[in-house]
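Open your viewer and get ready to click along. We will go stop by stop, selecting a few residues each time.

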Amino acid sequence: MAEFYCYAEPKSGIRFTDAARIVEAAAHEPLCLSGGYHTGDDWGLYWTDFSVTTPEVETYSVNVPGRHGILDLSEVLVGHPVYKNCTLTAEFVANIKMVDWHKLYRTIRRAIHGKRMCIALDTDLQAVYVGRCVVSSEMADAVHCVFTITADIAPYTYGNCPKQYGFLWDWTVFQDEPLPDPILLDENGEAEVPLTTSGTQTARADGSKILYGNVDIYTEQDCTLTIQDDLECQLTGMGDSQYCNQNVYSIPGAMSKSFHFSGGTPGTQLAIFCRYQELL
């Protein structure tokens, strides 16, 4: 570890928010960009080290008598490799006397120790880890302490910012992602949007992003949304003066091959926001 005395100014840190945001937060909202606890801003810690172990592959094999080698059945159930949890470790130092260290240690333990948290790094804000945290600390000398935060994390990350399909020019706040293709109601006032979401952890090993959880929908004008020819929702248009996040439609845990929009004015713009997960 580097010498304590080189830390003259605050450095990048790590933010922790409640893991319940994975299923409770609207899809258009970042998971872990504000709120919760920040190691530098809230606790005055200086981030010195970080690591994430490579997730171990779950394997299952059978030794068949009279057969050369072994029979590898690891991918039979789901058709792709499955991974175990991995370990995230972050180390910090603080310039603090022992009398204040007790209070700080207690504060951090009460905030995140033993709790399942969303974890976002200032150095990689696009990815959010999720796992249960453990906090430990010790005084390194009379005026410096060391904190270690570890987490047993899932072998995938969530997108901190939403995955976006379509856009409304007047209300869209564009991220660093490329401009999405527009979604417009056709001359019959209809549009078909293929979109699959999952209520389970189904991130795959091929690097693809798997949509997960809530779906938020914005529409310029009133129309009807039909999901899988079953669930029907009446969507109210944004109008000309409403600010976008005053009117959000969430469909928790939707699982569908297609979202069908109908009954709207031809040329109406649509925007859909989703959460996604991908393997480490």
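**Before you click**

This is a predicted model, in which local features need pLDDT of at least 70 and side-chain atom pairs count only at pLDDT 80 or more, while totals for chains, interfaces and linings use all residues. Residues are numbered from 1 along each chain as its sequence is written, and side-chain values use heavy atoms, leaving out hydrogens and water.

**Stop 1: the whole chain**

Helices (H or I, at least four residues) and strands (E, at least two) are DSSP runs, numbered from the N terminus. Of the 280 residues, 45% are buried. Here buried means under 20% relative accessible area, exposed means over 50%, and partly exposed is in between (1.4 Å probe, protein chains only). Now think about contacts, meaning heavy atoms within 4.5 Å. Among contacts with a separation of 6 or more, 73% are between residues 24 or more positions apart.

**Stop 2: helix α2**

Select residues 98-112, which form helix α2. The expected span of a helix is 1.5 Å times one less than its number of residues. For the 15 residues of α2 that gives 21 Å, and the end C-alpha atoms are 21 Å apart, so the two agree.

Which residues of α2 are buried? Colour Trp101, Leu104, Tyr105, Ile108, Ala111 and Ile112 to see them. Look down the axis of α2: the buried residues fall within an arc of 130°, so they line one face of the helix. That arc is taken from the directions from the helix axis to the C-beta atoms. An α-helix has 3.6 residues a turn, so residues three or four places apart point the same way.

Turn to the face away from the buried side, and you find the exposed residues Val99, Lys103 and Arg110. The cover over the buried residues of α2 includes β1 (14-18), β2 (37-38), β7 (116-121), β8 (124-141) and β9 (144-153). Just after α2, click Gly114, which takes a positive phi of about 80°.

**Stop 3: aromatic rings**

Rings of Phe, Tyr and Trp (its six-membered ring) pair if their centres lie within 6.5 Å; planes under 30 degrees apart count as stacked, over 60 as edge-to-face and the rest as tilted. The structure holds seven such pairs. Select Tyr105 and Phe147: their rings are edge-to-face, 5.8 Å centre to centre with 85° between the planes. This pair links distant parts of the chain, as Tyr105 is in helix α2 and Phe147 is in strand β9, 42 residues apart. Tyr105 is buried at 15% relative accessible area, and Phe147 is buried at 0%.

**Stop 4: the cysteines**

How many disulfides does a search of the whole structure find? The search finds zero, counting a disulfide as a pair of cysteine sulfur atoms within 2.5 Å. Select Cys133: the nearest cysteine sulfur belongs to Cys118, 10.0 Å away. Cys133 is buried, at 0% relative accessibility. Cys145 is buried too, at 0%.

**Stop 5: Ser61**

Finish in strand β4 (residues 61-62), where Ser61 is found. Is Ser61 buried or partly exposed? Its relative accessible area is 42%, so Ser61 counts as partly exposed. Leaving out residues up to four places away in sequence, Ser61 touches Ile70, Leu71, Asp72 and Leu73. Ser61 and Leu73 are twelve residues apart in sequence, and their C-alpha atoms are 5.4 Å apart in space.
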